[in-house]
Amino acid sequence: GIIFDAVPEMTSHEQNALKSKSKSILHQSFPDQLRTVLGNEISEEGLNIFHEMLQNRLVLKSMAYMILDAVLIEMFPELSDVLTLEQNLQ
C-alpha cells in the first residue's frame, strides 16, 4: 500500500511568499519591551540574521539536536556527562 503521497513541489513564488510570511510572523512575535531595550535597528538586524539561520537546513537540524539534548539532560541528569561530552574533557 501507499503510506503517503508526496507533496507537489512549491514554485519559487510560493517559496518567497512563505519566507516573507514567516519573517513577518517572527518580527511580530518579538516582544516590544526587548525591542525597546535593544533598539529598533539591532532588533531588526538580529531577527533578520535569526530568520536566515532558520532557513539553513544544517543549522536548523543542529539547533533541533541541541534542544533535544537539553530536554534529555533535564529529564535524565545522569546522562549529562554523555550528552555534553564532559567525560572526554576531563
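Modeller: In the protein chain, the mean positions of the 6 positive and 13 negative charges lie 10 Å apart, where Lys and Arg count as positive and Asp and Glu as negative, with His and the chain ends left out, and each charge is placed at NZ of Lys, CZ of Arg, CG of Asp or CD of Glu. This is a predicted model, in which local features need pLDDT of at least 70 and side-chain atom pairs count only at pLDDT 80 or more, while totals for chains, interfaces and linings use all residues. Residues are numbered from 1 along each chain as its sequence is written, and side-chain values use heavy atoms, without hydrogens and water.

The chain has 6 helices and 0 strands, these being DSSP runs (H or I, at least four residues, for helices; E, at least two, for strands) numbered from the N terminus. Its C-alpha trace spans about 55 × 50 × 20 Å along the principal axes. Of its 90 residues, 8% count as buried, that is, under 20% relative accessible area, with exposed meaning over 50% and partly exposed in between (1.4 Å probe, protein chains only).

Serine 43, the residue I would pick, sits in helix α3, which covers residues 40–55. This serine counts as buried because its relative accessibility is 2%. Once neighbours within four places in sequence are set aside, serine 43 is in contact with Phe30, Leu34, Arg35 and Leu38, contact meaning heavy atoms within 4.5 Å.
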